Amino acid sequence: MTTMTGTPAVTGAVGTAHTRVEGVAKVTGAARYAGEIPYAELAHGWLVVSTVARGRIRSIGADAVLAMPGVLSVLHHGNAPRLDIDYVGLLGRPDPTLAVFQDDRVPYLGWPVALVVAETSEQAREAAEALVVEYDEEPHDVAFAAGRDGTYTPENSAVEKGDVEAELAASAVVLDAEYTTPEEHHAMMEPHAAMARWEDGRLEVVDSNQGTMWVAAELANLFSLDPTSVRVRSEHVGGGFGSKGIRVHQVCAVMAATALQRPVRVVLTRRQMFSLTGYRSPTVQRVRLGADADGRLRAFAHEAQNLSSTVHEFIEPSAAVGRAMYASDAHHSVNRVVRLDVPTPTFMRAPGEAPGSFAMECALDELAEKCGVDPIALRVRNEPDAGPVSGLPFSSRNLLACFEEGARRFGWADRDPRPGVRREGRWLLGTGVAAASFPSNAMPSTAAVTAEADGTFTVRINAADIGTGARTALTQIAADALEVEPGRVRTRIADSDFGPAMIAGGSMGTRSWAWAVTGAAKELREKLALGGTVPPEGITVRSDTSEALAALAQKERYSFGAQFAETAVDVTTGEVRVRRMLGIFAAGRIVNPLTARSQLVGGMTWGLSMALHEEAVRDAASGGHVGADLAGYHVAANADVPLIEADWVEDTDADDPVGIKGVGEIGIVGAAAAIANAVWHATGVRHRHLPIRPDRVLLAGAVAPAGAGVSVGAGAEGPDA
Ligand code: MOS
């Protein structure tokens, strides 16, 4: 037993760089991921997915593969248990395609038609590849295009203020341009994997996800189980980015474990992930801006369109990004959807803001050019004092401080605004800028903090550390609230038995969890300060932030940032190289500069990847992807990524107990636009379609005539290939 009084108070962990508390375990391989944990009697499930994009399953040749070595079972629509898909979950009504093997319909290519379970993963795979499935194929339609037939406006997806058409007509300068972004994938390092087993009447799932409470609740709903009889854990996660919620692999694992009454693991292949784990929809976005000659906005109009599956609606809210950004007399923004024979898209890092900021921030740059105003000055001119549409006050808005600091460090003042005039050998050089914003919110969470008899503390919270450093941040936060060294705090996360907590999503995880941890830790410290001894079982204090969050005043709550990029464009090959990027953010109090910087730099790197590389190509004939792997889908690799710096300005959130806003998503916002704007500045050609591939650069005309030393592209309007 330890006497708790008289311990000198320690604070200051928050704001100090701290390596990951699980860092050694990760680099030594001691940290186990869901796909590699050994279990006695573990069987392995391998998915068989459809090879047609629409139709019905005519037959499944299960008997032939059941005779193969090690094969235990083939689950399909003819023998699988019935699931309940008629419920309202954490995110509303579930995607019906979650209910696998329920009928013979095939809604898209890559849809699960069977699960082969065998003693080893190799046996399961061999049998899955040998399984003959016959289909009655029907014509499919995967052609995504602006305003194509079937495009509709979902309820509550439009916002209107003033008369946009009248303000456009009265504007001295008008910009009207269409931008597109392609289908993009999360491409996290660790594939989806789940082990399910029944233990003492409880379903136990060991998974890789962004929220065990979320997955446990969905599984309870789907299998009609008492929620308390489902336990989901997810200790280490190799990236999620919005893709690791409830997915078919968990459902399949539970089905097979129930049917066989032994542990079953299902791991998805990279190829299967392209059709089974969500993606970012392609977008078509029209932006119309009307301004006075000095660049003051009179009209702001942003119309976006994305696709979704035939069975479930997902809106990529690209057109929502401007609603909190720029003052204008009139505002119109709307997100439209068209339903095709494709998998349902999902959240992907900065859903809405990532593609939306590309269109909006490029449009602002084009308007700046037309008005002859510096792009930063244009943003200063249109800075609102309150929410441009809502009229609500901002909790804090330090966007201009980001531009000021960024411009100083990037050397913006020396910039020659003329495009296409800087040349270095075969490279044309340019710089570009864009703004970034992302909502800053918190969701109800519970936490428990225990003073142990040995003088240490244990924090239990159902948080998820998907690589963000959340576990470390929460350890620092708990240490400060307890006034002890972080080394005395052990933080346990990602176990649905710890009780409800926010998922790792929406840049809300760390803020939501920190709020709960701070509450419990402070109360525990006060309790211990009264003196006495800690019994062997420890002293535990629990917290719940529901009431505190409900009492928060309505405000526009956002993080902001300024993105700068310098690019070099090879006039002979059309290759675009990013030479440097700088992002300055106002994203609340930074808990751990080391991991926060990594989040921001990671987001910016993805913005580079989005600008130049990423594009999932769907083949109209088959309805499936061309090159659904990390060879065919190019993400930026080390050689593509130059000097990327991220830093921040003071922006402590006064309404948050720790001052946090969240850094998970804002790093990607505006990054692709800054690069596209820099490509224009280099070449004089606007690239409105991502990615800015070499062939697009060449076709757009950024090529010097052979032997000519003249600058090219100045004023040129190339075709938008
Ligand atoms: Mo994120 S797209 O909120 O996981």
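Cys402 is buried, with a relative accessible area of 0%. The structure is a predicted model.

**Surroundings of Cys402**

- Cys402 belongs to helix α10, which covers residues 399-410.
- Apart from neighbours within four places in sequence, Cys402 is in contact with Phe560, Gly561, Ala562, Ile584, Phe585, Ala586 and Val649.
- One of these contacts, Ile584, lies 182 residues from Cys402 along the chain, and the C-alpha atoms of the two residues are separated by 5.3 Å.

**Packed helix pairs**

Two packed helices are described by the angle between their axes and the distance between the axes.

*α5 and α6*

- Helix α5 (residues 212-222) packs with helix α6 (residues 248-260) at an angle of about 50 degrees, and their axes are 11 Å apart.
- The angle makes α5 oblique to α6.
- The two helices, α5 and α6, have a right-handed crossing.
- On the α5 side, Val215, Leu219 and Leu222 meet Gln250, Val251 and Val254 of α6.
- By class, the residues of this contact comprise five nonpolar, one polar and no charged.

*α11 and α12*

- Helix α11 (residues 470-482) and helix α12 cross at roughly 30 degrees, and their axes come within 8 Å.
- Because angles under 35 degrees count as roughly parallel, α11 is roughly parallel to α12.
- The crossing of α11 and α12 is right-handed.
- The residues of α11 in this contact are Ala470, Ala473, Leu474, Ile477, Ala478, Ala481 and Leu482.
- Their partners in α12 are Thr510, Trp513, Ala514, Val517, Thr518, Ala521, Lys522, Leu524 and Arg525.
- Twelve nonpolar, two polar and two charged residues make up the contact of α11 with α12.

*α14 and α15*

- Helix α14 (residues 593-612) and helix α15 have axes 7 Å apart and pack at an angle of about 50 degrees.
- This angle makes α14 oblique to α15.
- A right-handed crossing is found for α14 and α15.
- From α14, the residues Met604, Gly607, Leu608, Met610, Ala611 and Leu612 meet Ala671, Ala672 and Ile675 of α15.
- The contact of α14 with α15 divides into eight nonpolar residues, one polar and no charged.

**The loop between β11 and α6**

- Ser234 is placed in the loop between β11 (230-233) and α6, and Ser234 is buried, with a relative accessible area of 1%.
- A polar atom of the Ser234 side chain lies 3.2 Å from the backbone oxygen of Asp207.
- Not counting residues up to four places away in sequence, Ser234 touches Asp207, Ser208, Asn209, Thr212 and Ala494.
- Gly245 is also found in the loop between β11 and α6, and counts as buried at 4% relative accessibility.
- Leaving aside neighbours within four places in sequence, the contacts of Gly245 are Trp214, Val215 and Gln250.
- Two of these contacts of Gly245, Val215 and Gln250, also take part in the meeting of α5 and α6.
- Gly245 and His77 are 168 residues apart along the chain, with 23 Å between their C-alpha atoms.

**Backbone features in loops**

Most residues other than glycine have a negative phi, and most peptide bonds are trans.

- Phe241 is not a glycine, yet has a positive phi of about 60 degrees.
- Phe241 is located in the loop between β11 and α6, and is partly exposed, with a relative accessible area of 28%.
- Ala494, although not a glycine, has a positive phi of about 60 degrees.
- The place of Ala494 is the loop between β20 (489-492) and α12 (509-529), where Ala494 counts as buried at 2% relative accessibility.
- Ala494 is one of the residues that Ser234 touches.
- Leu690 and Pro691 are joined by a cis peptide bond, with an omega of about -5 degrees.
- Pro691 sits in the loop between α15 (671-683) and α16 (694-699).

Definitions and conventions. Residues are numbered from 1 along each chain as its sequence is written. This is a predicted model: local features need pLDDT of at least 70, side-chain atom pairs count only at pLDDT 80 or more; totals for chains, interfaces and linings use all residues. Side-chain values use heavy atoms; hydrogens and water are left out. Axes are lines fitted to C-alpha atoms, for helices over the stretch in contact, and angles run from 0 to 180 degrees between N-to-C directions. Helices (H or I, at least four residues) and strands (E, at least two) are DSSP runs, numbered from the N terminus. Angles under 35 degrees count as roughly parallel, over 145 as roughly antiparallel, 65 to 115 as roughly perpendicular and the rest as oblique. A crossing is left-handed if the near helix is turned anticlockwise from the far one by less than a right angle, and right-handed if clockwise. Contact means heavy atoms within 4.5 Å. Ala, Val, Leu, Ile, Met, Phe, Trp, Tyr, Cys and Pro count as nonpolar, Asp, Glu, Lys and Arg as charged, and the others, Gly among them, as polar. Buried means under 20% relative accessible area, exposed over 50%, partly exposed in between (1.4 Å probe, protein chains only). A polar contact is a pair of N or O atoms within 3.5 Å; within protein, one must be able to donate a hydrogen and the other to accept it, and residues adjacent in sequence count only if both atoms are side-chain atoms.
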